[in-house]
Every structure is written in structure tokens, then in C-alpha cells.
Protein chains: 2
Amino acid sequence: MTTIKDIAKIAGVSITTVSRALNGYSDVNEGTRKKIMDVAKQLNYSPNTLARSLVMNKSKTIGLLVSGWKRSSAKDNFTFEVLSGINDYIGTTDYDIVLFSTDSTKQREKTYSQLCRERRVDGVILQGIKLDDPYLEEVVESDIPCVLIDIPIKSSSVGFVTTDNVIGAYSAVNYLIGLGHKNIAMVNGHELAFVSQKRLQGYMDAHREANLPIRTSWILDGEFDEERAETVAFELLSSNKEITAVFCASDLMALGVLKATEKLGIQVPTDLSILGYDDIILASYVKPALTTVKQDIFQMGFEAAKMIVQMLDGTQGPKVVTLPTEIIKRNSCAVKS
Amino acid sequence: MTTIKDIAKIAGVSITTVSRALNGYSDVNEGTRKKIMDVAKQLNYSPNTLARSLVMNKSKTIGLLVSGWKRSSAKDNFTFEVLSGINDYIGTTDYDIVLFSTDSTKQREKTYSQLCRERRVDGVILQGIKLDDPYLEEVVESDIPCVLIDIPIKSSSVGFVTTDNVIGAYSAVNYLIGLGHKNIAMVNGHELAFVSQKRLQGYMDAHREANLPIRTSWILDGEFDEERAETVAFELLSSNKEITAVFCASDLMALGVLKATEKLGIQVPTDLSILGYDDIILASYVKPALTTVKQDIFQMGFEAAKMIVQMLDGTQGPKVVTLPTEIIKRNSCAVKS
DNA sequence: ATGAAAGCGCTAACAG
DNA sequence: CTGTTAGCGCTTTCAT
């Protein structure tokens, strides 16, 4: 593997000059530079970023910590979309991504900042982490630049990107109300998800505004899990025939609810309207196609990457990005009969 | 940031001893080791892998090069599944993944080996690369350990994992033949895809064995693209009414064919049987649910990661892994009427 | 069992 | 414009 030392020797200059020439400093004679460049090319030189990082004290890498990356996440293409967005933006920069592959066991033996410091990542993007994850506390305490996806923490070294969950849920429920529904249940994620808290708020806001009573027994947690949502919805719907619409905090759970209706012989959307969240790929393919609140997840990843890079490069940029959502009307919701 | 030097000073020993103690060498007095460990903990020490990598000349990182990572790949959850498998295996090791985020422009200005050498990755996993990609040639020439997904190159430094594409396609077509079909078209990917070549072979083998004529005009390329497949199938089916079954080299393309049939008023599976490949998530959700050749893509990623790690650690292990496929019978194929 | 010293490949004052 | 020198944090002979 050729080094700048080799180049220096052959070009007949000092390693300093080589370093300066290669890095485009202005105080190098053009002739010398050309010669050095030539030798470098000829020797098929690649700089050793490890050495550079060591001395410069920055690695030009961004850590990516995906919590709870399960095989099953494929169904829900959330993680992949985020990754795609990050990858897309980072591709335009000189950073690279280090994927922290920490399984549950490894996760617990190494603290967050250990993970980051060992690899000397310049910044981190966190996704899928729960509100009670001990890592989260560390994020705040540590001074490693970090951007969170769907977790609202902001400080001098941390920012976040999310979507307008309250408004998203509010509009969704409002849409249902506009369709004539008054008995609207909600299948939420879980209490430790920021988005669940917000979407619940939107659900309640819409009810309050329409002077509709809120029945807490109709608000259930489906853990963002298809099966769990099915179970929960099955029980709810079989014993509460007056419910005419269900708002779900994720499409995957909406799919679960849909399965429950099939088992119960409930017609969607004739007997029951189902409204999802996310607009995952499956949403438009199932029958009936899911009406849902669309989030631009790719964009979330993109913005997260952009934000961290801006933080690192000292460029001015927002520490909080809230992306809009949009209701996609398909066939799982109908006017109350 | 604390270093072994700091620890050495406080513990009152030399940095050599600290290094040895921390790395679990046996020739360190247990008392000294304990003291060093204590100080390290107290100082919240994290080793600097950059420095270590520099001197050891290995980084404990594996590069991941995903060619053609497009936003649209989400539909086809292939890439994500591979990633999940890799992530899963790597999580059990002390390696980390470096995602080479190279967009098309960047890709062409940096050669493959430059990419790898700059980051000093110990090995590489390549996915989604086409047979005519210039990177491929470099892979062979370079001596960087590498494992390819679905590209059959094997040398002292490169291995690959794939599935039994010939058998998979053969069984699929054979299944169709068993259903009474004699006029079976094929929507393949493209010539530069190894898997397409193999699946075509399987298609032909099955025909030959059954003494069925092969009509090359019925073998079309859909570029692994849903829309392209739809277009191609639309033309094919509208002018060749005698075709009673279509074998597709991917589920995504099968979905495209399905769309074409809808436009043509062809009933699936009554009038036409459609058989896909991959068993993507969508396959079981569309109506009619797709009969398909399932590949365990997650496992491919897992095996690829395992292989590269074994190569790097000098553990014995295969350089070629071929995973089985399996026909998943759902509702898009029926007995020829 | 421990330490001194060299060096991995690179950048960055500081001189000249 | 160019070279000398020091050092980033760590591992590794080679002595002791």
C-alpha cells in the first residue's frame, strides 16, 4: 500500500509538500504539484483515512444506530425508507455511514457514548429508539452531535426530525367525523413512543372540537404490531358494535384490524371505516386499499442526514424539522351508513 | 477524551502495561491489571479504534456496497432483507459495517479499490451490482476479501452467496406444466443479471424435459421493473392469446403483469396463471395472492456476512453458498382450463 | 512482570 | 514555496 512517504521519495520532495499538494493547498509550486499528482496516480495512491482521522480528530463518518431492527421490520418499510433518505443525502457529501450493528446483548454491555467514541464517529443519527431507552439519556448528556428521528430532544448538540403528528392524527379523525362517524376507536402504538402520544393528542383534539365524548376504553395499544392490533381490535369490535370507525397509529396495525374484521364478518368500509398511518407500500395494495395519513419517511432520513452534516460542518441550519403529512384517501373509509 | 496515557499516569505504570492489561494479555500482574481496569472505568475510557486500526493495519470494519440503491427499492424489500441479514450476523461479531454511500456521480470518480482502501475496510460485501459494472472487474483483481451476492465469482479472496436459480425456475415452470400449461411465457429481468441467466436456463430445461417448444418471442425482459413488465406483458398478452401462463423472474414484475391482465380483462388465474419469484411481502397481500418461488433473502445477507467474517478471521468456511428455494403456492396459478 | 522506544500514515506549526 | 520536527493514540519488539 503506497503512502505519501513513497510519493515523497519518488517525487524528490518532503512528505509535507506531498501532503500539501494532495490536499490542494495554495502554497505549492504548480510544477511540484503536478509532479506529485502524477506520481500519486502512477503509484495508485489512496490516502489512509484512518491516519488522517487520527491526527485531525475527526473521522468523516456518521454513526447510524437503529434500535430494534428486526427482520420483521421489512413489512413496515419504515427503517428502509429512512436509510434510503440518509444514504441519498450522505452520498452527496464526503461522509460515510457506520452502521452500529448492535444486537440486544451487545447493546447492553456497551454504552451509547462508548459505541460512538470507539469508532470516533463525528455525529450520530438515531432511529427507532424508545422513550425509555437508557441510550436516550446518554444522548443528551453526551456532547456528540446527534439527530433523532421522531424523538423531540433539542440541545446545542442534538436536533430532531419528525412529522406533524398531532395535526396528522387530528385531520384523520376529523375526516372520519366529517364522514359522519361519531364512535371512533383508536388503535395506538405504545405509551413510550413519542408519535403515539402526539397522535393520541390529535385524536382527542378532534373529538373535543366536535364535542364528541372520548371513551378511553376505545383507545387501545397495538404495540405497532400487526398481530397484536388484530387481537386487540377483535376484542374491541366484537364487544362494541357501536363503533363505526377505527383510527390506527400505523398501517401495519390497520392491516391487523382489517384481519380482525374479516374474522368478525364486518365489512370494510361499509360497516366499519379504517384509517391508517404511514402509507406503507402495502397500504395501496391490500383490498380495500387503505386510507391513511402519509408520512414522507424517505424525506425524514434525508433531512436527518442533512441536519447532522450541517451541524458538523458548522453550517447554519435548523435543529428541528417537522415534515407535513397528508391524508391519502383510498377505499377503507366511507360515509357512516 | 481519555487515552491510555492518562490511565498510565494515574495508575503509575507505563502505557505499555496499560495496553497489555486492557487487551487481556497474561503477562500482567493481576493486581496491576485490576488497578488499571479500575482507573480505566473511573476515567470512562474508550479505546480509539482509529489508532488501533492504524497500527494493527486492520479496521474491524466491513464495507457494504449497494449498487443502485434507489428509493423505489422499498417495494421490493430485497435490499432491506439482505441488510437485515448482514446486520444480524455482524451484530454477533466485533465488526461494524461501513455503508459506502456512493451516488452515481461519486461512484464513477472513485474506483472500487480506492473506496475500500481509503476507509481501510477489512472486507466488502457487494449487492445489486450488475455483470457489466466496472467495479466487478476490480473486485477480482483486487485482493480485498469480498463476498458477492448473486454474482458467481470465486477466487482466493472472493466468494459468493446465491440461491439455486436454475432449480427454482425449473420447478416453477415444471409446476406450471404439471397444471396442464403448454404455452408458458417468461418475463425475465435483464441479460446482465446472473440470476436472469440462470432462471432462463431453468425455464428452458423444464421445457426441454417436457418436450415443449421454446418460443423465444415469448421470453421478454422486464428489467426487474414493475412498469416495464406491465408494458411488456401488455403487448405480449394482447397479441398472443394462446399463452396461458407467465413465469416472472421477480414478484415485482409479476405484479406488473397482473396489472396488464387487469387492463386486458384477463382473469387470473382462470384465464392466465402468473408465477413470480422472490416472495416479497406484497406477494401474499395482493389479490390474487401470488404463487411464487421463495428465496430466503435475509439468510443470503446472513450467510454473506458470515462468509466474509470467516474469511477475515481465517476460519474455515465455504466460499460458495447456495441457498434452496421453495415454491409457495397461492392463488395466481390454476389448472389450465 | 514492566518499561523504553519505535513506528503505523498523516497533518500542522514553525523555520527558512 | 519547501523542509524539519513533533505528535495524534495505540501496539509491539526488545530489553531489563
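1. Helix 4 of chain A gives the largest share of the surface near DNA strand C, namely five residues. Here helices (H or I, at least four residues) and strands (E, at least two) are DSSP runs numbered from the N terminus. The model is a predicted one, in which local features need pLDDT of at least 70 and side-chain atom pairs count only at pLDDT 80 or more, whereas totals for chains, interfaces and linings use all residues. Residues are numbered from 1 along each chain as its sequence is written, while chains are lettered from A and ligands numbered from 1 in the order in which they are written.

2. Around DNA strand C there are 25 residues, of which A:Thr3, A:Ser19, A:Ala51, B:Asn29 and B:Val55 come nearest. Two or more residues each are given to this surface by helix 1 (4–11), helix 2 (15–22) and helix 4 (49–56) of chain A and by helix 2 (15–22) and helix 4 (49–56) of chain B. A residue is near a molecule or strand if its C-beta atom, placed from the backbone, lies within 6 Å of it. By class, the surface near DNA strand C has 12 nonpolar, 10 polar and three charged residues. In this scheme Ala, Val, Leu, Ile, Met, Phe, Trp, Tyr, Cys and Pro count as nonpolar, Asp, Glu, Lys and Arg as charged, and the others, Gly among them, as polar.

3. DNA strand D is surrounded by 26 residues, the closest being A:Asn29, A:Val55, B:Thr3, B:Ser19 and B:Ala51. For DNA strand D the largest share of the surface, five residues, comes from helix 4 of chain B. The residues of this surface divide into 12 nonpolar, 10 polar and four charged.

4. Between the two protein chains, 42 residues of chain A are in contact with 42 residues of chain B (C-beta atoms, placed from the backbone, within 7 Å). On the chain A side, helix 4, helix 5 (78–90), strand 2 and helix 7 (112–119) each supply at least two residues. That side divides into 18 nonpolar, 13 polar and 11 charged residues.

5. Strand 2 of chain A and strand 2 (residues 96–99) of chain B pair in the antiparallel sense over three bridges; strands pair if DSSP finds at least two bridges between them. The bridge partner of A:Val98 in strand 2 of chain B is B:Val98. Within chain A, four bridges join strand 2 (residues 96–99) to strand 1, and these two run parallel. A:Val98 in strand 2 of chain A also stands opposite A:Gly63.

6. Strand 1 (residues 61–66) of chain A is mostly covered, with six of its six residues buried. A residue is buried if 20 or more other C-beta atoms, placed from the backbone, lie within 10 Å of its own. A:Thr61, A:Gly63 and A:Leu65 point one way, and A:Ile62, A:Leu64 and A:Val66 the other way.

7. In chain B, six strands form an open sheet of mixed pairing in the order 7-6-8-9-10-12. Strand 7 (219–221) and strand 12 (325–328) of chain B are at the edges with a single partner strand each, so one side of each has no neighbour in the sheet. Strand 6 (residues 184–188) and strand 7 of chain B run parallel and are joined by three bridges, with B:Ile219 of strand 7 as the bridge partner of B:Met186.

8. Among the buried residues of helix 11 of chain B are B:Ala229, B:Val232 and B:Leu236. Their cover includes strand 6, strand 7, strand 8 and helix 12 (251–264) of chain B.

How values were computed:
Buried ≥ 20, exposed ≤ 12 C-beta atoms within 10 Å, placed from the backbone.
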